[in-house]
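Please look over the sequence and the structure below before reading on.

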Amino acid sequence: MVDVPVDQLTGAVDGVRARARGQLVEAALELFGVYGYAQTSEQDLCDMAGVPVEALWDEFGSREGLLMALHNQITTAGLRASEVALLSEGMDDCPLEQRFRRLFHAYVSAVTRDLREARVTFVEVLGVSPAVDAHCKRWRDLWTDFLTGEAERAAVRGEVEERDHRVVVMVMVGTVHELMAHHARRPRRARPDEVTEELTKLGLAMLGVEMAD
């Protein structure tokens, strides 16, 4: 009998698990994003992924856990795109309107590049369960922190009134998600620049700033 090093065995097992995880996420994107979460069973997911149901339970705990993992993946991509835009050349010198436009365009482009991703992120997570609601709230809180920082930066620059902007930004984040859900449900795909302009107008209006002509 040939002895196989423990670390080699562990690596092989990890590789199998990583492949199963990736296949399940891809299956979820296709099934949730095309047919909907409510219309997709655990068996549907595992059949498409080519893995046993036990793999779903081991990696995600449930169909609901897989939905949240997929939502995390997509929403993280949107946040990272906005962070990259925030650090891009010339951003520090941009007036608020241009900053918002660049931030929203980066976000919208990242989360709507695939219509399935947009549907999962803004439609299929709605009303699933208290656990999914809490998961989405944590993400809204992260976005509220991010955009409140931008509002405070604008106040320091004299572009908006000096006050506590967090409540307004919380409402804005909720409205942004509702607007994105509206577009995700529409049969005609809105272009990223169209959605960006809507979000820019919304963000500025809620901060009491008029768009330049």
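**Briefing on the predicted chain**

Alanine 184 counts as partly exposed, at 24% relative accessibility; buried means under 20% relative accessible area, exposed means over 50%, and partly exposed lies in between, with a 1.4 Å probe and protein chains only. The model is predicted, so that local features need pLDDT of at least 70 and side-chain atom pairs count only at pLDDT 80 or more, whereas totals for chains, interfaces and linings use all residues. Residues are numbered from 1 along each chain as its sequence is written, and side-chain values use heavy atoms, with hydrogens and water left out.

**Overall architecture**

- The chain holds nine helices and zero strands, where helices (H or I, at least four residues) and strands (E, at least two) are DSSP runs numbered from the N terminus.
- Along the sequence, the pattern reads α-α-α-α-α-α-α-α-α.
- Taken along the principal axes, the box filled by the C-alpha atoms is roughly 75 × 40 × 30 Å.
- Of the 213 residues in the chain, 42% are buried.
- Among contacts (heavy atoms within 4.5 Å) with a separation of 6 or more, 68% join residues 24 or more positions apart.

**Surface and charge**

- The chain has an accessible surface of about 11400 Å², and 55% of this belongs to carbon and sulfur atoms; the areas come from the Shrake-Rupley method with a 1.4 Å probe, and for residues only the protein chains shown count as cover.

**Annotated regions**

- An unreviewed UniProt entry lists residues 18-78 as "domain: HTH tetR-type"; UniProt positions are given here in the numbering of this chain, feature names are shortened, and annotations may be inferred rather than shown by experiment.
- In the model, residues 18-78 are 80% helix and 0% strand, with end C-alpha atoms 23 Å apart.
- The UniProt annotation "DNA-binding region", also from an unreviewed entry, covers residues 41-60.
- That span, residues 41-60, is 80% helix and 0% strand, and its end C-alpha atoms lie 14 Å apart.
- Glycine 50 sits in the loop between α2 (42-49) and α3 (53-60), and this glycine is exposed, with a relative accessible area of 61%.
- From glycine 50 to arginine 63 there are 13 residues in sequence and 15 Å in space, C-alpha to C-alpha.

**Helix α7**

- Helix α7 (residues 130-156) has 27 residues and should span 39 Å at 1.5 Å a residue, which agrees with the 38 Å between its end C-alpha atoms; the expected span is 1.5 Å times one less than the number of residues.
- Glycine 158 follows α7 and has a positive phi, near 80°.

**Helix α8**

- The 20 residues of helix α8 (residues 166-185) should span 28 Å at 1.5 Å a residue, in agreement with end C-alpha atoms that are 29 Å apart.
- Val169, Met172, Val173, Val176, Met180, Ala181 and His183 are buried in α8.
- The buried residues of α8 pack against α5 (96-112), α6 (115-124), α7 and α9 (192-206).
- Alanine 184 also belongs to helix α8; leaving aside residues up to four places away in sequence, alanine 184 touches Ala118, Arg119 and Val123.
- Alanine 184 and aspartate 141 lie 22 Å apart in space, C-alpha to C-alpha, and 43 residues apart in sequence.

**Helices α9 and α5**

- Helix α9 has 15 residues and reaches 21 Å from its first C-alpha to its last, close to the 21 Å expected at 1.5 Å a residue.
- Buried in α9 are Val195, Thr196, Leu199, Thr200, Leu202, Gly203 and Leu204, and their cover includes α5 and α8.
- Glutamine 98 lies in helix α5 and is partly exposed, with a relative accessible area of 39%.
- The C-alpha atoms of glutamine 98 and threonine 200 are separated by 8.7 Å, although these residues are 102 residues apart along the chain.
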